[in-house]
Amino acid sequence: MIKNSSDQESLDILTNRINLGLLYTHQGRFCEAESLYQEALELSQGESGEIQLYMAQVLNNLAGLHNLQGRYSDAELLYGRAIEIRKNLLGEKHPDLAQTLSNLASLYYDQNYFDEAKKLFLQALEIYKQFFGETHLYVAWILNNLSVIYKRQGCFDKAVLLCSKALELRKQLLGENHPDIAISLNNLAALHRSQGNYSEAEPLYQEALRLKRQLLGEDHPDVAIGLNNLAFLYKAQCRYVESETCYQQALEISERQLGIDHPNTQTFCQNLERLRSHKSEH
């Protein structure tokens, strides 16, 4: 337990546990990450505001880990505690509070609680706008998340509007050649495809794929996902030769980079088999 918040050595240890926990989470080493976060919670027991803010970050990170594990009730409880601490110490309009609100929104989205998720994303959006202004990457990120929710709720016009705004903001802030641009292009393409606007979806999917190839290389798993998306669009247009070529390329990349047992590889294989079966029936 940290006895004195000015004890820099103890604070450094706590920071190390938090950062290492994040690294292990990204590496999929969930048990090790959880042990580090639990240790950090023990270290962050204290009365000072500084220590309490460290605890809020640990709670936020541990909740994110539980969300990845599908432990939604545990995650919701931890996010709630982090929100309470941050509201008490930072007020209602701080970006750290917006971070946890948006994380809780993502948790609700994962459980298909779209109204609850939308409410929290909108709260986070207002905080980010007030703190950073209208043109900030956090604003673009929230707009993109809101567009996904509106799509799931069938509000396609609203979803397209928000996704387009997110794309323009990211281009303004990041330039034309950034991985986040490819994500926004892909999301906007998916919206148009779901409405049957294939002529609008195709150039967006193609540009997203071009960016991924340029930034990540021809043999990256994300390139395979881009090829799969384009193949799906071609199949919907009965452009079977082009669709089969894209599915085949996606499958080959995934087999090389991820292995034959990876879920993505299996999905691409199934998609290719369904296409060939469909072609044989027609």
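The numbered points below describe the predicted model of this chain, from its overall make-up down to individual residues.

1. On the basis of the model: the structure is predicted, so that local features need pLDDT of at least 70 and side-chain atom pairs count only at pLDDT 80 or more, whereas totals for chains, interfaces and linings use all residues. Residues are numbered from 1 along each chain as its sequence is written, and side-chain values use heavy atoms, with hydrogens and water left out.

2. On the overall fold: the secondary structure comes to 13 helices and zero strands, where helices (H or I, at least four residues) and strands (E, at least two) are DSSP runs numbered from the N terminus. Along its principal axes, the C-alpha trace spans about 75 × 40 × 35 Å. Of the 282 residues of the chain, 41% count as buried, a term that means under 20% relative accessible area, with exposed meaning over 50% and partly exposed lying in between (1.4 Å probe, protein chains only). Among contacts (heavy atoms within 4.5 Å) between residues at least 6 apart in sequence, 55% join residues at least 24 apart.

3. On helix H12: this helix covers residues 240–258, and its 19 residues, at 1.5 Å a residue, should span 27 Å, which agrees with the 26 Å between its end C-alpha atoms; the expected span is 1.5 Å times one less than the number of residues. The buried residues of H12 include Tyr240, Cys246, Tyr247, Ala250 and Ile253, and also Glu244. What covers the buried residues of H12 includes helix H11 (221–236) and helix H13 (263–281). Just after H12, Gly259 takes a positive phi of about 95°.

4. On the packing of H11 against H12: the two axes come within 8 Å and cross at roughly 160°, each axis being a line fitted to C-alpha atoms over the stretch in contact, with angles running from 0 to 180 degrees between N-to-C directions. That makes H11 roughly antiparallel to H12, since angles over 145 degrees count as roughly antiparallel, under 35 as roughly parallel, 65 to 115 as roughly perpendicular and the rest as oblique. The contact is made by residues including Leu227, Ala231 and Phe232 of H11 and Tyr247, Ala250 and Ile253 of H12.

5. On Asn229: this residue lies in helix H11 and is buried, with a relative accessible area of 14%. Leaving aside residues up to four places away in sequence, Asn229 touches Asn186 and Tyr205.

6. On Ser199: this residue is found in helix H10 (residues 198–216) and, at 61% relative accessibility, counts as exposed. The C-alpha atoms of Ser199 and Gln237 are separated by 9.9 Å, although the two residues are 38 residues apart along the chain.

7. On the aromatic rings: a search of the whole structure finds six aromatic pairs, and the rings of Tyr108 and Tyr113 have their centres 6.2 Å apart and their planes at 50°, so that the pair is tilted. Rings of Phe, Tyr and Trp (its six-membered ring) pair if their centres lie within 6.5 Å, and planes under 30 degrees apart count as stacked, over 60 as edge-to-face and the rest as tilted. Tyr108 counts as buried at 14% relative accessibility, while Tyr113 is partly exposed, with a relative accessible area of 40%. Elsewhere, ring pairs link Tyr128, Phe131, Phe132 and Tyr138 into a cluster.
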